[in-house]
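These are my notebook entries on one protein model, written while I had the sequence and the structure open side by side. I looked up one topic at a time and wrote down what I found.

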Amino acid sequence: MKKFRTKRIITISVILLILTGSSFVFLSFKNDDFKLVKSLEIYYALFRELNLFYVDETDPEKLVESSIEGMLEELDPYTSFIPESDQENFNFITTGQYGGIGALIRRNGDYAIIAEPYKNFPAEKNDLRAGDTILFIDGISMIGKEISYISDHLKGTPGTSVTVTIKRIGIEKEIEKTLIREKININNVPYYGMIDDHIGYIRLSNFTTDAAREAKDALIELKKEHHPSGIILDLRSNPGGLLIEAVDVSNLFIEYRQEIVSTKGRVNQWDYVYKTRSTPVDTKIPLAVMVNRISASASEIVAGSVQDLDRGIIVGQQTYGKGLVQTTRNLAYNTKLKVTTAKYYIPSGRCIQALDYSNRNEDGSVGSIPGSLISEYQTKNGRKVYDGGGIRPDIKTTPESLSQFTISLYTQNVIFDYATVFASLHDSISPAPNFEITDKIYEDFMKYVMNRDFTYSTKSESTLEQLIETAKQEKYYDLAADEFVALGKKLAHDNEKDLNHFRDEISSLLKQEIVKRYYYQWGGIESTISDDEEVLQAAELLKDTNHYLSILGYDKENAHATVVE
């Protein structure tokens, strides 16, 4: 340890001397140290020469930040430099908290609109509504401004005021609201409830501070009020977050002092074993963890530990495959470095990192870990599991895919804008679980679309256009002009036809968007959960005790008393 510290002191001293312009020869250091010192001296000399002799005046801060970004691009995408100006966003990502009005905003034409006010925060308490167009903030016009610029003006120190001028559909006069910013805390658990009389459901969308507490509160309430015979923990599209929160979420279902994840790095100080550290809520209730391709990092720790310990079944698609651990290091002038310091390993001993950033291709791209390097491991019950590519589900499901027509209706804000019109004409709707898109509502929506300047292009049409352009360049078009025209007519889409053909998937999105206007995020999820085929499939698996136990590799004669209450 003393030798290591001495080495660090020497290296730091060398760097300081270089940065003050000193030149010297140091003879007794290792080759890696020489490369470091040499590279830093070259960098300093280059930077000094540019600053002194470049034809135009340079911005030193911008040059350094650009060089930092270029340097970090050679590493993995999770190692990043956080300038002072991004501290608030960084704090929000890790804690889920920020100072502001509590509303999601999005672009709509030249302006930003309120996309979703969060319940019980300043925007909602001051009657800002989804669909309101933001015209001015503190007297400053927001026309054409970037979303980040608008967001920065809405955020601020809790207790300070901000004046927002909006335009609301159905009201000719502009509306001005003065709001007092608050500390905004976005819930990690946006919804929990019962799928039916037997199966409880908890959606966990992030792993920021208090994720485990929120999940625990939800689980305890479901058990107390509804006595479920099984629990679905939905981690689909959860990008991860704090490692310790993943350990504590796992702890809700896994016994005290059980290893959940370990980390191993190049420096020994990052080697650590994380074990459950409190009494679990329930170690026996049948459990299904839902994942998809976007479930990453902390989500994979939870899913992986549940799978490795045979505590529950994993349902969905293979996860993202992020097995890298980041640590934040403080730098000068209130800046930070988020640096990958270790890989994490779940109880079976496997690492689920899918991409090999240490060995890039010649073009700089990164490839997946080859199959020849993927190893086999075993769960607690001896089931086969594998490293090198995320968590493979025990039961694979196919997520519902949307048509290009429906995606265009959503991305072009047609569904959103209709919900705004609907909410302006209806003071209330039935409770979220009971609300449905009736024939009358859907017919009205169809008229709205047909009267709106809505256009979209299918992939087939785009491909045909490219083919025609290529044929014209190669002078073959005239030889097959009639065929091209005929094919174009066959592939041409028709809005009215597509509105009827894709009614079910459009109605689901439309229902959720309308319900959110009255019951916010919670209601939006509640209104569509019964239509989610993957959730319903997971619920049926939990009800089939024999199938559930066989998936986990339990002896049916002895496992019943052990696994199911």
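**Entry 1: Contacts and cores**

I began with I232 and, leaving aside its neighbours within four places in sequence, I found it in contact with I195, I199, G200, Y201, I202, A288, M290, V535, A538, A539 and L542. This is a predicted model, and I keep that in mind for every entry below.

I then asked which residues have the most contacts inside the largest nonpolar core. They are I232, L233 and V289, in a core of 62 residues. Helix α7, which covers residues 211-226, gives the most to this core, with 6 residues. I also noted a second, separate core of 25 residues, which includes F405, L409, L509 and V515. As general background, I wrote down that nonpolar side chains tend to be buried together in soluble globular proteins.

**Entry 2: Confidence**

**Entry 3: Aromatic rings**

I counted the aromatic pairs and came to 16. One of them joins Y78 and Y357 edge-to-face, with 6.3 Å centre to centre and 85° between the planes. This pair links distant parts of the chain, since Y78 is in the loop between α3 (60-72) and β1 (80-82), while Y357 is in the loop between β18 (336-345) and β19 (376-378), 279 residues apart. Are Y78 and Y357 buried or exposed? Both Y78 and Y357 are buried. I also saw that K322 lies over the face of Y78, at 4.5 Å from the ring centre.

Another edge-to-face pair is formed by F405 and Y456, with 5.2 Å centre to centre and 65° between the planes. F405 lies in helix α10 (residues 404-411) and Y456 in the loop between α12 (439-450) and α13 (459-473), so this pair ties together parts that are 51 residues apart in sequence. F405 has a relative accessible area of 1% and is therefore buried, and Y456 counts as buried because its relative accessibility is 10%, where the cut-off for buried is under 20%.

Ring pairs also link Y418, F422, F435, Y442, F445 and Y448 into a cluster. Separately, I noted that the charged end of K472 sits over the ring of Y477, 5.0 Å from its centre.

**Entry 4: Strands**

I followed an open sheet of 6 strands and wrote its order as β10-β11-β12-β15-β16-β21, with mixed pairing. Its edge strands are β10 (191-194) and β21 (395-396), each of which pairs on one side only. Within this order, strand β15 (residues 287-291) and strand β16 (residues 313-316) pair in the parallel sense over 4 bridges, and M290 stands opposite V315 in β16.

I then turned to strand β5 (residues 133-137), which is mostly covered, with 4 of its 5 residues buried. With strand β4 (residues 111-117), β5 pairs in the antiparallel sense over 2 bridges, and I113 stands opposite T133. With strand β7 (residues 161-167), β5 pairs in the antiparallel sense over 4 bridges, and in β7 the bridge partner of T133 is K167. β5 also forms a hairpin with β6, with 2 residues between them, and D138 in the turn has a positive phi of about 50°.

**Entry 5: Positive phi**

My last search was for backbone angles, with the general point in mind that most residues other than glycine have a negative phi. Y333 is not a glycine, yet it has a positive phi of about 55°, and it is found in the loop between β17 (324-330) and β18. Because its relative accessibility is 74%, Y333 counts as exposed. K475, also not a glycine, has a positive phi of about 60° and is found in the loop between α13 and α14 (481-491). With a relative accessibility of 73%, K475 counts as exposed.

Terms used: Residues are numbered from 1 along each chain as its sequence is written. This is a predicted model: local features need pLDDT of at least 70, side-chain atom pairs count only at pLDDT 80 or more; totals for chains, interfaces and linings use all residues. Side-chain values use heavy atoms; hydrogens and water are left out. A nonpolar core is a set of buried Ala, Val, Leu, Ile, Met, Phe, Trp, Tyr and Cys residues joined through side-chain atoms within 4.5 Å. Buried means under 20% relative accessible area, exposed over 50%, partly exposed in between (1.4 Å probe, protein chains only). Contact means heavy atoms within 4.5 Å. Rings of Phe, Tyr and Trp (its six-membered ring) pair if their centres lie within 6.5 Å; planes under 30 degrees apart count as stacked, over 60 as edge-to-face and the rest as tilted. A charge sits over a ring if NZ of Lys or CZ of Arg is within 6 Å of the ring centre and within 35 degrees of the ring normal. Two strands pair if DSSP finds at least two bridges between them.
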